[in-house]
Amino acid sequence: MSDCLFCKIVSGEIPSDIVYQDDKIIAFKDIQPQAPVHVLVLPREHIPTVMNITEESSNLIGYLHLKVKEIAEILGVAESGLRLVCNYGKDGDQIVQHIHFHLMGGRPLTWPPG
Ligand code: AMP
Ligand code: ZN
């Protein structure tokens, strides 16, 4: 999608600090980290929100979750723990309309979030 920030990061038009990528997904450092480890994991394909996942794209979203272990190992938080968050809508405070999962760790994270 031409006016999507994360599609531009996927295509390389906008630079990012990539920690993992393959032909289906990409993970890069959040520009405003809220924890020592704060990475965004997303499919290369433009799926706007969690509400737009279809039967067809559910395989891709499943694949993304499969890769969390590998990404967590790269980031050094596989043992210490992490949080995986997907925001949606007004109350969920989703700002960028290209589905993404915040992978956060590197410090104890409180619950519930604000
Ligand atoms: P959300 O509120 O779930 O849509 O989160 C969007 C996230 O994208 C925020 O945590 C931002 O800090 C992050 N973000 C915005 N622009 C960039 C960028 N150019 N590179 C990396 N992360 C970004
Ligand atoms: Zn997009």
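**Notes on the predicted model**

1. Let me begin with a strand residue. Val 39 lies in strand β3, which spans residues 37-43. Please keep in mind throughout that this is a predicted model. With a relative accessible area of 1%, Val 39 falls under the 20% cut-off and is therefore buried.

2. Next, the ligand site. Ligand 1 has 16 residues around it, and the closest are Asp 30, Asp 93, Ile 95, His 100 and His 102. The largest share, three residues, comes from α1.

3. Which protein atoms make polar contacts with ligand 1? From the backbone, an N or O atom of Ile 31 lies 3.1 Å from a nitrogen atom of ligand 1. Ile 95 also takes part through a backbone N or O atom, which is 2.7 Å from an oxygen atom of ligand 1. Asn 87 uses its side chain: a polar atom there lies 2.9 Å from an oxygen atom of the ligand. As for cover, ligand 1 taken alone exposes 500 Å², and the protein buries 84% of that.

4. Asp 93 deserves a look at its backbone. This residue, one of the closest to ligand 1, sits in the loop between α3 and β5. Asp 93 is not a glycine, yet its phi is positive, at about 65°. Most residues other than glycine have a negative phi. I would simply flag the angle for your attention.

5. The peptide bond joining Trp 111 and Pro 112 is cis, with omega about 0°. Most peptide bonds are trans. Pro 112 itself is placed in the segment after β5.

6. Like Asp 93, His 98 belongs to the loop between α3 (89-92) and β5 (101-105). Is His 98 buried or exposed? Its relative accessible area is 0%, so His 98 counts as buried. The His 98 side chain reaches the backbone oxygen of Pro 43 at 2.9 Å.

7. Then there is a lysine in a helix. Lys 67 is found in α2, the helix of residues 58-75. Because its relative accessible area is 15%, under the 20% cut-off, Lys 67 is classed as buried. What does the side chain of Lys 67 contact? It makes a polar contact with the side chain of Glu 70, at 2.9 Å.

8. Finally, a residue from strand β1. Ile 18 is found in this strand, which covers residues 18-21. A relative accessible area of 34% lies between the 20% and 50% limits, so Ile 18 is partly exposed. Ile 18 and Ile 95 are 77 residues apart along the chain, with 20 Å separating their C-alpha atoms. Ile 95 is the residue from point 3 with a backbone atom 2.7 Å from an oxygen atom of ligand 1.

Key:
Residues are numbered from 1 along each chain as its sequence is written. Chains are lettered from A and ligands numbered from 1 in the order in which they are written. This is a predicted model: local features need pLDDT of at least 70, side-chain atom pairs count only at pLDDT 80 or more; totals for chains, interfaces and linings use all residues. Side-chain values use heavy atoms; hydrogens and water are left out. A residue is near a molecule or strand if one of its heavy atoms lies within 4 Å of it. A polar contact is a pair of N or O atoms within 3.5 Å; within protein, one must be able to donate a hydrogen and the other to accept it, and residues adjacent in sequence count only if both atoms are side-chain atoms. Accessible areas come from the Shrake-Rupley method with a 1.4 Å probe; for residues, only the protein chains shown count as cover. Helices (H or I, at least four residues) and strands (E, at least two) are DSSP runs, numbered from the N terminus. Buried means under 20% relative accessible area, exposed over 50%, partly exposed in between (1.4 Å probe, protein chains only).
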